[in-house]
Amino acid sequence: MIKPDYIIKPLMFVNTLEFSRAAQHFARFGKYTLAKDGTLPHKEFWDEEEKRCREGYTVGGVRITGEHYAYLNYARIKIAVNEGTRTRKYEGFPRFLDMDYYYYHELERARENMQGMIVAKSRRKGFSYKGAFNLVYEYNWIRESFSIISAFMGDYANTTMGMALEMINFINKNTDWAKRKLIDTRTHIKSGFKERINEVEVESGFKSEILSLSFKDNPFKSIGKSAGIMLFEEAGKWPGLVEAYMLSKPLFYDGDIPTGIPIIYGTGGDMEGGTQDFCDIFYKPSAYGLRAYENIWDENAAGECGWFVDDAWFKEPHVDDQGNSLRAKALEALDLQRENLRKSGNKRAYEKFITQNPKTPAEAFLRTTGNIFPVADLLERLSYLESNQALQDKEWTGELIFNAENNVEFKINPKLFPIKQFPLKSDAEKDGCIVIFEHPIAGDNGEITPGRYVAGIDPYQQDEAVHSTSLGSCFIFDRLTSRIVAEYTGRPPLMKDFHENVRRLLIYYRAKALYENQIKGIMDYFSYTNSTYLLADEPTIIHDIIKKTTVNRKKGMHMVPQLSDYGEELIKEWLMSPSTEEGVSNLYKIRSIPLLKELIAYDPDPDKNFDRVISLMFCLYMGAEKRKQRVEDIENARNEENGFLSSSFFKTGFKRGNGRML
């Protein structure tokens with residue numbers, strides 16, 4: 001992993017206009033040189049400019065890269081200009097910015113090492129222009145290069161392609177690097193010309209090429225082409241980004257040898273459609289052949305991540321005339337904006353602002369649409385877990401077996417792996433395994449206290465379904481500490497294997513489980529194994545939620561919309577309630593990475609799979625039922641003391657007079 005340069009050796013830039021003298025000359029005279037065409041001074045000027053664009057340029061001991069020099073002097077972007085009370089945008093040259101200085105140096109190193117880059121960024125940092133110029137640079141200075149700009153939606157790719165075409169037209173009109181075109185459309189251009197050699201028409205010239213692609217309708221569209229650079233535009237709005245990236249890998253790899261570089265980038269606040277895939281790649285860049293950096297941005301992080309551009313870079317008006325970002329002032333202004341929004345009480349607006357103006361990658365990857373849970377806090381916890389391998393190593397993964405004494409015991413099995421991916425790909429391994437976060441704790445008598453551990457089960461309906469991403473899930477919940485202590489999530493080829501693993505987990509913790517009783521199979525299996533005592537009765541609390549329900553008391557619970565809504569409130573309340581230790585909420589004691597991912601992405605749409613969330617919901621229903629019973633027990637005891645005995649009192653399982661549990 002690499003620590004970013006601006007942490008190792010931060011620079012304060014001076015005399016930065018020296019890097020863009022060519023652009024200033026053009027802005028003043030409407031041309032880059034006053035030397036006449038065909039003269040030696042004219043040739044020398046353009047030879048020197050090409051050298052600077054290829055090799056970089058040094059002033060006062062500070063070097064900018066060749067692409068950065070070319071961007072400052074030959075790119076065209078929209079620039080905001082204040083005109084009295086109005087602000088208008090005009091076409092102009094980019095200004096020198098410290099943010100760009102560091103980015104272009106990283107891009108140069110990525111090219112030298114044949115690594116791709118993934119960039120998560122705040123809004124309005126000009127990366128669409130920089131992305132467009134990535135293509136222009138290849139097209140104009142790399143002979144026979146082939147560059148691709150891709151996006152899930154064609155509009156995103158075409159917008160950046162349009163910027164690139166405008167820049168190329170400007171270069172063709174105003175420089176010595178003009179190139180004729182063999183192909184000239186809004187989505188595909190190729191430089192060069194045709195000539196006749198030996199009575200045969202052939203293509204000649206520079207033959208560099210740019211292609212714009214949309215993956216929405218055909219993810220295999222780009223297979224068979226070979227790219228020196230491939231942009232993945234608007235990555236946060238790209239469902240199936242991982243699949244698209246892997247399908248495109250032959251474009252910039254020849255076997256295991258990189259032949260080109262991918263660049264993936266997305267903007268804070270645009271992370272709703274493709275959040276999870278973009279997030280997964282960003283936090284595991286080396287696994288995808290991308291340049292990896294030490295995660296210096298997320299609090300308590302210790303792992304790797306991609307390149308991150310926070311909101312304090314280039315945040316007007318907090319930039320001096322040399323292009324240095326006044327980060328302290330920018331952060332102060334950002335905090336004030338956040339505090340004002342927080343005080344407004346509009347949670348959605350507050351979280352949306354955070355995603356658009358993030359301080360950390362975790363904030364950039366917030367998902368705000370349709371989620372009642374505290375996504376900002378959940379992302380912080382997820383980031384902490386994913387970047388702390390030592391804490392992940394404290395999990396026990398394996399299987400539960402019956403020993404010689406016919407007792408269930410846990411056995412570590414390194415050949416078994418839990419499912420941590422979410423959302424799950426249809427062709428992914430679905431067996432899963434038992435994950436223990438905390439083993440059961442026995443009391444002074446050597447036995448596990450009955451009722452301490454409860455469980456929730458979200459089963460599935462049939463044996464192996466090749467294309468289904470629905471899983472069975474079971475959580476064990478410690479009512480004493482309000483923590484999840486174990487998980488089993490999976491879909492083995494035979495449904496009875498899922499049921500048996502759940503049964504053993506319940507025996508191991510001496511726990512009763514509430515389950516979705518609309519799903520057939522689990523009751524039959526537990527009846528067959530004489531284990532129905534492990535399944536909880538239907539909670540009486542549902543009669544408080546659905547006043548006129550006619551459902552008879554039975555095992556399990558049917559998750560109708562009203563009960564699902566109440567379950568969401570139970571989860572939200574549990575997440576934010578103080579934990580039993582360290583003065584933090586229960587949310588910060590969650591150990592299950594995939595559960596955090598599900599909670600972050602949660603959508604109440606019944607057609608979507610959030611198996612772990614439903615399992616947790618059943619656990620909390622069990623806890624709510626236990627609390628309700630406890631209140632009734634206390635009330636009945638008071639009635640007895642006052643000489644009133646109700647029929648419900650005798651159903652509680654207490655002896656008259658001593659209050660001991662039977």
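**Exercise 1. Decide how helix 10 and helix 11 run relative to each other.**

Solution. Helix 10 and helix 11 are roughly antiparallel to each other. The steps below show how this follows in the predicted model.

Step 1. Locate the two elements: helix 10 covers residues 327-344, and helix 11 covers residues 347-356.

Step 2. Take the geometry of the pair. Two packed helices are described by the angle between their axes and the distance between the axes. For helix 10 and helix 11 the angle is about 160 degrees, and the axes lie 8 Å apart.

Step 3. Apply the cut-off: angles over 145 degrees count as roughly antiparallel, so helix 10 and helix 11 fall in that class.

Step 4. Helix 10 contributes Leu334, Gln337, Arg338, Leu341 and Arg342, while helix 11 contributes Ala349, Tyr350, Phe353 and Ile354. Sorted by class, the residues of this contact are six nonpolar, one polar and two charged.

**Exercise 2. Describe the packing of helix 13 and helix 19.**

Solution. Step 1. Helix 13 spans residues 375-386 and helix 19 spans residues 593-601.

Step 1. Their axes come within 10 Å and cross at roughly 155 degrees. Since the cut-off for roughly antiparallel is over 145 degrees, helix 13 and helix 19 are roughly antiparallel to each other.

Step 2. The crossing of helix 13 and helix 19 is left-handed.

Step 3. On the helix 13 side, the contact is made by Val375, Leu378, Leu379, Arg381, Leu382, Leu385 and Glu386. On the helix 19 side, the residues are Ile593, Leu596, Lys597, Leu599 and Ile600. By class, this contact of helix 13 with helix 19 holds nine nonpolar, three charged and no polar residues.

**Exercise 3. Glutamate 144 and glutamate 234 each have a positive phi. Is each of them buried or exposed?**

Solution. Step 1. Glutamate 144 is not a glycine, yet its phi is about 60 degrees. This residue is found in the loop between helix 6 (127-141) and strand 6 (146-151).

Step 1. The relative accessibility of glutamate 144 is 52%. Exposed means over 50%, so glutamate 144 counts as exposed.

Step 2. Glutamate 234, also a residue other than glycine, has a phi near 50 degrees. Glutamate 234 lies in the loop between strand 12 (229-232) and helix 8 (241-248).

Step 3. The relative accessible area of glutamate 234 is 16%. Buried means under 20%, so glutamate 234 is buried.

**Exercise 4. Where is aspartate 47, and how far is it from aspartate 176?**

Solution. Step 1. Aspartate 47 lies in helix 3, residues 40-55.

Step 1. With 41% relative accessibility, aspartate 47 counts as partly exposed.

Step 2. Aspartate 47 and aspartate 176 are 129 residues apart in sequence. In space, the C-alpha to C-alpha distance between aspartate 47 and aspartate 176 is 9.5 Å.

**Exercise 5. Which residues are joined by a cis peptide bond?**

Solution. Step 1. The cis bond joins glutamate 316 and proline 317, with omega about 5 degrees.

Step 1. Proline 317 is found in the loop between strand 18 (307-309) and helix 10.

**Exercise 6. Summarise the chain as a whole.**

Solution. Step 1. The secondary structure comes to 20 helices and 25 strands.

Step 1. The chain has 662 residues, of which 52% count as buried.

Step 2. Among contacts with a separation of 6 or more, 64% join residues 24 or more positions apart.

Step 3. The accessible surface comes to about 31,400 Å², and 50% of that surface belongs to carbon and sulfur atoms.

Methods: Residues are numbered from 1 along each chain as its sequence is written. This is a predicted model: local features need pLDDT of at least 70, side-chain atom pairs count only at pLDDT 80 or more; totals for chains, interfaces and linings use all residues. Side-chain values use heavy atoms; hydrogens and water are left out. Helices (H or I, at least four residues) and strands (E, at least two) are DSSP runs, numbered from the N terminus. Buried means under 20% relative accessible area, exposed over 50%, partly exposed in between (1.4 Å probe, protein chains only). Contact means heavy atoms within 4.5 Å. Accessible areas come from the Shrake-Rupley method with a 1.4 Å probe; for residues, only the protein chains shown count as cover. Axes are lines fitted to C-alpha atoms, for helices over the stretch in contact, and angles run from 0 to 180 degrees between N-to-C directions. Angles under 35 degrees count as roughly parallel, over 145 as roughly antiparallel, 65 to 115 as roughly perpendicular and the rest as oblique. Ala, Val, Leu, Ile, Met, Phe, Trp, Tyr, Cys and Pro count as nonpolar, Asp, Glu, Lys and Arg as charged, and the others, Gly among them, as polar. A crossing is left-handed if the near helix is turned anticlockwise from the far one by less than a right angle, and right-handed if clockwise.
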